[in-house]
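Take a look at the model first, then read on.

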Amino acid sequence: MVSPQAKRVAVEMLMTERSLGVTRACGLVGISRSLYRYRSRPPDCIPLRSRIEEIAAAKRRYGYRRVYLRLRREGWEVNRKRVYRIYRDAGLAVRRRKRKRIGLFERKPLPKPTAANLSWSMDFVADGLIGGRRLRCLTIVDDCTRECLAIEVDTSITGLRVQGVLERLADTRGLPKSITVDNGPEFDGQVLDKWAYRSSVHLSFIRPGKPNENAYIESFNGKFRDECLNTGSSAWRTHAASSKLGVSSTTPSDRTARSAI
């Protein structure tokens, strides 16, 4: 099968070497004059390409699909295939690697809290029971009041489980404008990303290996571990076991008493 470009070259050869007119040459080759004269006019992709490169620079682990989703949220009228072509031509493909995946992050200074319920922080604390079972504690703290809003305990907590805890908090006290998290898979997955977009909550990711950028929750977790987990408190471990490791393990009065000040 001969391509249109090859047919255009054949027409030019007939016109140059045989001195044929354009109509006669096109008739012999088998293309129309309009196809012979057609020249591709690609759209101006410079603004779109610049925006794609900006997103890829800020979100280094974004593939083209998540870049496309971000563009659509910003109002760009572009389809997925065009984003893929520009993304591929710019050499932005994410290299697959076997080591632990680095999550999304934005290089921004840690904001200072000015009022309650404006910004929260959340993280995980790992511990184990006497019988050898490992457990994880999801802790959520208000950055301004240092109040512990929730402690969710289970042997495994997924991104969907984190979403459920945040939705329970939304029913009782509303949601903040931003939540500071690290780059764990429960936080940088698509489940929490979609929930944050629907709820108009900004997920502020710290830089990998910089836990000091999430200092509020790290301070609370240190006190929580020293005052509860490391003391071998039988009351705490009995409560964690009796709740089947799935119920929030603090009451509102306990959270206030254990707040990291």
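Tyr64, Tyr84 and Tyr87 come together as one aromatic cluster. This is a predicted model, where local features need pLDDT of at least 70, side-chain atom pairs count only at pLDDT 80 or more, and totals for chains, interfaces and linings use all residues. Residues are numbered from 1 along each chain as its sequence is written, and side-chain values use heavy atoms, with hydrogens and water left out.

**Ring pairs**
- Searching the whole structure turns up four aromatic pairs; rings of Phe, Tyr and Trp (its six-membered ring) pair if their centres lie within 6.5 Å, and planes under 30 degrees apart count as stacked, over 60 as edge-to-face and the rest as tilted.
- Phe124 and Phe187 make a stacked pair, with 5.3 Å centre to centre and 20 degrees between the planes.
- That pair ties together distant parts of the chain, 63 residues apart: Phe124 belongs to strand β1 (residues 119–128) and Phe187 to helix α8 (residues 185–188). Helices (H or I, at least four residues) and strands (E, at least two) are DSSP runs, numbered from the N terminus.
- Phe220 and Phe224 are stacked too, at 6.0 Å centre to centre with 5 degrees between the planes.
- Phe220 and Phe224 are about one helical turn apart because they are four residues apart in helix α10 (residues 215–229).

**Charges over rings**
- Arg73 lies over the face of Tyr197, 3.8 Å from the ring centre; this counts if NZ of Lys or CZ of Arg is within 6 Å of the ring centre and within 35 degrees of the ring normal.
- Phe124 has the charged end of Arg136 over its ring, 4.1 Å from the centre.
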